Amino acid sequence: MLRGMKRVLLCVGGGISAYKACEVARLLVKQGAQVRCALTAAAQRFVAPLTFQALSGRPVATDLWDTSQDLAAGHIALADWAELVVVAPATADLLARLRAGLADDVVTATLIAIEPSRWLLAPAMNEKMWASPAVAENVQVLRSRGARFLGPAVGEMAERSHAGPGRMVEAAEIAAAVATWPAPAVAETSPAAQFSTSPAAQPAPAPHDAAPGPRPRDLEDVLVLVTAGPTREALDPVRFLSNPSTGRMGFAVAAAARDRGARVTLIAGPTELAPPAGIQIVRIVSAEDLAQAVDAHVSAARVLVMTAAVADQRPKVRAAQKAKKQDGEETLTLVRTQDILASVSARAVRPLLVGFAAETENVEANAREKLMRKRLDFIVANDVSAAGAGFASETNRVLVLDPAGGRVELSGSKRTVADGLWDQIAPKLS
Ligand SMILES: Cc1cc2nc3c(=O)[nH]c(=O)nc-3n(C[C@H](O)[C@H](O)[C@H](O)COP(=O)(O)O)c2cc1C
C-alpha cells in the first residue's frame with residue numbers, strides 16, 4: 001500500500017512491452033494511487049488509449065494539440081499535477097529525446113516540465129539496442145540529472161531467439177518502486193495466511209541491517225532476489241514441520257546487496273526480524289509458497305541467492321481441522337517438495353545462482369557435489385553443527401565454492417559474511 005496518496009503520471013513509450021504498462025496502471029490504482037496516463041504516438045500503435053482510460057478511470061493524454069480533453073489546461077497542468085512520473089517502457093527513442101530536452105509530443109512536453117529527480121524510467125528494448133553507446137550515454141546523462149532507472153531485466157526478448165539485458169522489469173517491480181518512493185522503504189507483499197508472524201508486532205533488533213563501513217557501489221541497479229528463513233509445512237491448521245532458521249543470514253545478504261546499490265527483493269519465511277529498509281519483502285510460509293514467489297520474481301533477477309532453509313519434504317495430507325489426540329503410534333507420510341534451485345538452474349535463461357548448503361558432516365565434499373549437480377555459480381557451505389555458525393547464531397563461518405575450484409573461507413558476523421560473499425559475486429556480474 002502507498003504511504004499517503006500519490007499522483008502518478010504513467011508515460012508509455014512505443015515498444016512491445018507497452019502491454020505490460022497496462023498492468024502497471026492496474027497495480028498502481030490497486031495500491032491506492034491516482035493515475036493518469038500519457039501515450040506517445042508509437043505507444044498507441046501497440047496499446048489502445050482506451051485500455052489505460054478504463055484502468056485509470058481518467059482521460060488519457062495522447063495528443064499535445066487535442067484541447068478537447070480534460071487536458072485543456074495543457075501539458076503543464078499535467079506536469080504540475082504529477083508527484084512522480086513512471087516511464088514504462090522507456091524506449092531508446094524516448095531516452096534520446098529526454099536527454100536532448102525535446103518537447104515535440106505530449107509525453108516529452110510534459111516530462112520536460114517535471115524535474116528529472118521525479119522520473120522513474122523502466123527501459124525496454126532489444127539487448128543490442130541497450131548495448132549501443134548512444135543509449136548508454138543517454139542513460140548516464142539522465143541518471144546524472146537525477147532520473148532513476150529500474151532495470152532493464154535480463155531475459156528472453158520479444159524476438160524469442162534473443163536474450164540479454166533489455167526486458168522491461170515486471171509490472172509488480174515498478175509498482176513496488178512507486179510504493180516506496182521517494183525514500184527507500186519497505187513494500188510488503190501479503191503473507192500467505194497461515195502461521196504468519198508479524199514483524200510489525202514484534203520488531204527485533206536488526207544486526208543484519210547494521211550500518212556497514214563504505215562499500216563499493218558495484219551492484220548499482222542490479223536486480224537481486226534473496227530468499228531467507230524457514231518454511232513451515234502444515235500438518236493441520238495449528239501444527240507444522242519446520243527448522244530453526246531465523247532468516248538472519250538471508251536478511252544480511254539482502255541488506256549488503258542494497259548497500260552496494262542493488263534493487264533487492266527478499267522472499268522471507270516466518271521470522272521475527274524487522275525487514276531491512278529499502279528492500280521489497282515478500283512474505284511466504286510454505287515451500288510451495290516459496291517456489292511460487294521465486295517463479296514470480298526470478299525472471300527479472302540478475303542474481304538469485306537462496307539462503308532459505310526450505311523443507312525438503314512436506315506432509316502428504318494436511319488435515320482441514322485440528323487433529324485429535326490418538327492413542328498409540330501414528331504414521332506420517334511425507335512427500336518431496338519442489339527443488340527450487342534445480343528448477344531455476346534448468347531454465348534456458350537463468351540468473352547467476354548462489355545456493356547455501358547447511359551440512360553437519362563432510363561439509364566441503366557434500367557442498368561441492370551439490371554445486372556441480374545443480375549447476376550453481378557459487379555454493380556457500382556451512383557446518384550448522386559447529387559453534388558460532390549456522391541457524392540461530394549471530395555469527396557464521398562459511399566456505400564459498402565455485403565450479404572452477406575457487407574456495408574462500410569467510411567468518412564473522414552474518415553481515416560481515418554477507419559483505420564477503422558479495423565481494424565474490426559482484427565481479428562475476430560485470
Ligand atoms: C514491432 C516494434 C517493436 C518495437 N519495440 C521497441 C522496444 O521494445 N524498445 C524500443 O526502444 N523501441 C522499440 N521499437 C521502436 C520504437 O517504436 C520507435 O523507436 C518509436 O519511434 C518510439 O517512439 P516513442 O519513443 O515516441 O514511443 C519497436 C518498433 C516496432 C515496429
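This is a predicted model: local features need pLDDT of at least 70, side-chain atom pairs count only at pLDDT 80 or more; totals for chains, interfaces and linings use all residues.
Local features need pLDDT of at least 70, side-chain atom pairs count only at pLDDT 80 or more, and totals for chains, interfaces and linings use all residues. Residues are numbered from 1 along each chain as its sequence is written, and side-chain values use heavy atoms, without hydrogens and water.

**Cavities**

The whole structure holds two cavities of 30 Å³ or more. A cavity is a set of points on a 1 Å grid over the protein atoms alone where a 1.4 Å probe fits but cannot get out; lining residues have an atom within 4 Å of a point. The largest cavity has a volume of about 50 Å³, the space filled by probe spheres set on points joined across faces, edges and corners. Its lining includes Glu173, Arg263 and His297. β10 (223–228) and β13 (263–268) each give two or more residues to this lining. β10 gives the most, with three residues. Strands here are DSSP runs (E, at least two residues); helices are runs of H or I, at least four.

**Helix pair**

The axes of α1 (residues 18–30) and α3 (residues 49–56) come within 9 Å and cross at roughly 15°. Axes are lines fitted to C-alpha atoms over the stretch in contact, with angles from 0 to 180 degrees between N-to-C directions. The helices are therefore roughly parallel (under 35 degrees). Contact (heavy atoms within 4.5 Å) involves Phe52 and Leu55 of α3, among others, and residues of α1 including Ala21 and Val29.

| Residue set | Nonpolar | Polar | Charged |
|---|---|---|---|
| Lining of the largest cavity | five residues | two residues | two residues |

Ala, Val, Leu, Ile, Met, Phe, Trp, Tyr, Cys and Pro count as nonpolar, Asp, Glu, Lys and Arg as charged, and the others as polar.

Note on methods. On a 1 Å grid over the protein atoms alone, a cavity is a set of points where a 1.4 Å probe fits but cannot get out, and a pocket is an open set with protein on both sides within 12 Å along at least five of seven lines; lining residues have an atom within 4 Å of a point. Angles under 35 degrees count as roughly parallel, over 145 as roughly antiparallel, 65 to 115 as roughly perpendicular and the rest as oblique.
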